[in-house]
Every structure is written in C-alpha cells, then in structure tokens.
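Welcome! Take a moment to look over the structure below before reading on.

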Amino acid sequence: MKDIIDTLKADGSFQTLLSLLESAGLTERLHGAGAFTLFAPNDEAFTRVKVEVIAADKDKLASLLAYHVVKGSHSSAQIAQNDHLLTESGKSLSVRSQGGRLVIDNAQYVQTDITCGNGLIQVIDNVFLPEFSGWYCGGCC
C-alpha cells in the first residue's frame, strides 16, 4: 500500500501541496512510519490563498503544513466525535457541524478516509491558517 506522499502523487490533484511539502522539508516525514492523518488541500483549495506569500518564509510554511497533520489515523467518523484535534504544529483544529456538514477549522471535506500505508488522507476545500487556530471554539487550542 502506498504511503501518504505516494498516494498524493498518484492522484494528480495535489501538485501545490506536494511542492510546498518538499520546500518545507516535510516530504520524508510523510513518507515515514505513521500513523498520520493529513488534511490535504487540493490544488483548487490553494487558489484561495497567496501561495507565493506562504512559500516565502520556510519556518511559517513548515508551521502551516504541520497544522494540516494530526498524529494517528483518524477517520471522518472519529473526527466528527471531537470538538478539536491537536495538530503537529501544537495548535488545535476546531471541529463543528454546520448545516449538517462537518467543518474543520475553515474547511469542509471534498473526499474522506483515503487509506494509506502510514495513515489517512482527508481531502479539504481550503488551506488551514494557523494564525486563526481555534477561532471557532475560543479556548480549544
């Protein structure tokens, strides 16, 4: 079974994410033993942010990308049972229901529970921004 990085590469709709992970030096981490849950913004999600600004500062880029990774394999059903998830950046993602759909921070699912050899991928429609961590739930971070 492919790991998270190889699964993203095979899909073809994560070129921006893959490029940023490589630039930040995080590719090997997501090739390695997990388990991880990656909230993966697809290329369309990256059209909503200024990628060149995000990529300009390597430390901020690494922090932003770590904000998309949670230790352990968390299915969408398991995620729905939480009000927040602690990310590898040390900040929490808020989880809430809005109009019958699950919202994780500022994103909704595009595709869920893509199984990989070292975890799960949850495809999302927006890029998480760590500076707004926990803004849905006040003190959850």
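Predicted model: local features only at pLDDT ≥ 70, side-chain atom pairs only at ≥ 80, totals over all residues.

Residues are numbered from 1 along each chain as its sequence is written, and side-chain values use heavy atoms, leaving out hydrogens and water.

**The nonpolar cores**
- A nonpolar core is a set of buried Ala, Val, Leu, Ile, Met, Phe, Trp, Tyr and Cys residues joined through side-chain atoms within 4.5 Å, where buried means under 20% relative accessible area (1.4 Å probe, protein chains only).
- The largest nonpolar core has 24 residues, and Ile-4, Leu-8 and Ile-121 are among those with the most contacts inside it.
- Elements giving two or more residues to this core include α1 (4-11), α2 (15-23) and β7 (119-124); helices (H or I, at least four residues) and strands (E, at least two) are DSSP runs, numbered from the N terminus.
- With four residues, α2 gives the most to this core.
- Another core, of 13 residues, lies apart from it and includes Phe-39 and Tyr-109.

**Helix α6**
- Leu-61, Leu-64, Leu-65 and Ala-66 are buried in α6.
- Among the elements covering these buried residues are α2 and α5 (51-56).
- Asp-57 caps the N-terminal end of α6, with a side-chain oxygen 3.0 Å from the backbone nitrogen of Asp-59.

**Asn-126**
- You can find Asn-126 in the segment after β7.
- Asn-126 has a relative accessible area of 18%, so it is buried.
- A polar atom of the Asn-126 side chain lies 2.8 Å from the backbone oxygen of Asn-106.

Key
Buried < 20%, exposed > 50% of the residue type's maximum accessible area, 1.4 Å probe, protein only. Polar contact = N/O pair within 3.5 Å; in protein donor to acceptor, adjacent residues only side chain to side chain. Contact = heavy atoms within 4.5 Å.
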